[in-house]
Amino acid sequence: MHKLDFEEVSRHISILNVAYHLCLEIIDKKGYEIKAICPFCRL
């Protein structure tokens, strides 16, 4: 993926909305930094 493609997508879609949609457990939010539990590590 080119950097311009990533920037265009990030203008329209919030990564936090994606995390909520995938039911990821958000464990910490500090400013722009967001930490979530890895869905593959919960197995």
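Is R11 buried or exposed? Select R11 and you will find that it counts as exposed, at 62% relative accessibility. The cut-offs here are under 20% relative accessible area for buried, over 50% for exposed and partly exposed in between, with a 1.4 Å probe and protein chains only.

Before moving on, a word on the model: it is predicted, so local features need pLDDT of at least 70 and side-chain atom pairs count only at pLDDT 80 or more, while totals for chains, interfaces and linings use all residues. Residues are numbered from 1 along each chain as its sequence is written, and side-chain values use heavy atoms, with hydrogens and water left out.

**Stop one: the salt bridges**

The structure holds three salt bridges, each being a side-chain nitrogen of Lys or Arg within 4 Å of a carboxyl oxygen of Asp or Glu. Helices are DSSP runs of H or I with at least four residues, strands are runs of E with at least two, and both are numbered from the N terminus. E8 is partly exposed, at 38% relative accessible area.

Next, select D28 and K30, whose side chains meet in a salt bridge at 3.9 Å, N to O. K30 is exposed at 57%, whereas D28 is partly exposed at 25%.

Then go to E33 and K35, where the N to O distance of the salt bridge is 3.8 Å. E33 is partly exposed with 45%, and K35 is partly exposed with 40%.

**Stop two: the cysteines**

Now colour the cysteine sulfurs. How many disulfides does the structure hold? The count is zero, where a disulfide is a pair of cysteine sulfur atoms within 2.5 Å. For C23, the nearest cysteine sulfur is that of C38, 15 Å away; C23 itself is exposed at 60%. For C41, the nearest cysteine sulfur is also that of C38, 3.6 Å away, and C41 is exposed at 61%.

**Stop three: a nonpolar patch**

Finally, select V9, I13, I15, V18, L22 and I34 and show the surface: together they make a nonpolar patch of about 520 Å². Patch members have over 30% relative accessible area and no salt bridge; nonpolar side chains (Val, Leu, Ile, Met, Phe, Trp, Tyr) are joined within 5 Å, like charges within 9 Å. Zoom in on I15, which lies in helix α2 (residues 15-21) and is exposed at 64%.

Conventions
Areas by Shrake-Rupley, 256 points an atom, 1.4 Å probe, with all protein chains shown as cover.
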